[in-house]
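Biologist: I would like to learn how to read a model of this kind with some care. Could we go through it one feature at a time?

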Amino acid sequence: MKFLLRKSLLFFYFGKQSTFMNQQDIIKEIGQIRSIMEKSSKFISISGLSGVLIGTYALIGAALGYLIVYGFKSQFGYRDHFVTDEIIIVKLLLIALFVLLISIVTGVLMAKRKAKRINQSIWNATSRSLLFAVAVPLITGGVFSLIIFAKGYYGLIASSLLIFYGLALNAASTYTFKEVKWLGIFEIILGLLALCFPGYGLWFWALGFGVLHIIYGLIVYKRYE
């Protein structure tokens, strides 16, 4: 009787151990499948460090814009020039375009570098979907900004670019990190605040394209890289 009881207990123990091991294997396999599905459905080659660099470029551009508008010896609240001056607008646009160009180059190069490291192609179905999702609000925002620029509503340019950029990031978040969605939401909020405080577009621009990008880049780098 004792022998049968001991045999039953051993059978029950090893059966439980086997079940536990099977559950562990199943959980491990599910994790691997989830990782594969995420790589196939999410564009994870975006580098967090590129976000930090792009934010730094934006802050440098904002500082140059500040010097152009306020000058070197201006007291607080006094401007050497006004943003309505055409030559000032041209200079600010050239700075913005230069910052945009080096930001795109930096983002692409660092994305290629990360994609190579994680064995993911930078140009695939997911990245194409992401590009299309971003292109619609960005192109719309660009055209809208050109229209209000032509109409002379210069004070609305900074806020409109922040809002449309935030909408583009919100659309892109479906295909990449969830942090991109929050970055987009904060960009939209800053754009709306810029509408409420005309004349401070340069400051909101520095916060949105500069500070927020640096914070976002550091978070992504810490969590995923």
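Biologist: What pattern does the chain follow when read along the sequence?

Modeller: Helices (H or I, at least four residues) and strands (E, at least two) are DSSP runs, numbered from the N terminus. Here the chain follows the pattern α-α-α-α-α-α-α, with seven helices and zero strands. This is a predicted model, in which local features need pLDDT of at least 70 and side-chain atom pairs count only at pLDDT 80 or more, while totals for chains, interfaces and linings use all residues. Residues are numbered from 1 along each chain as its sequence is written, and side-chain values use heavy atoms, with hydrogens and water left out.

Biologist: Where in the chain is confidence lowest, and where is it highest?

Modeller: The score to read is pLDDT, the predictor's confidence in each residue, from 0 to 100. The chain has a mean pLDDT of 79, and 73% of its residues reach 70 or more. Confidence is lowest in helix H1 (residues 2-41), at a mean of 53, and highest in H6, at 93. Where pLDDT is low, the predicted coordinates should not be read in detail.

Biologist: How many of the residues of H5 are buried?

Modeller: Buried means under 20% relative accessible area, exposed over 50%, and partly exposed in between (1.4 Å probe, protein chains only). In helix H5 (residues 157-172), 12 of the 16 residues are buried, among them Leu162, Phe164 and Tyr165. The cover over these buried residues includes helix H4 (125-150), helix H6 (179-196) and helix H7 (201-224). For the chain of 225 residues, 33% count as buried.

Biologist: Why is Ala168 counted as buried?

Modeller: Ala168, which has its place in helix H5, is counted as buried because its relative accessible area is 1%. Contact means heavy atoms within 4.5 Å, and, leaving aside neighbours within four places in sequence, Ala168 is in contact with Val134, Pro137 and Leu138.
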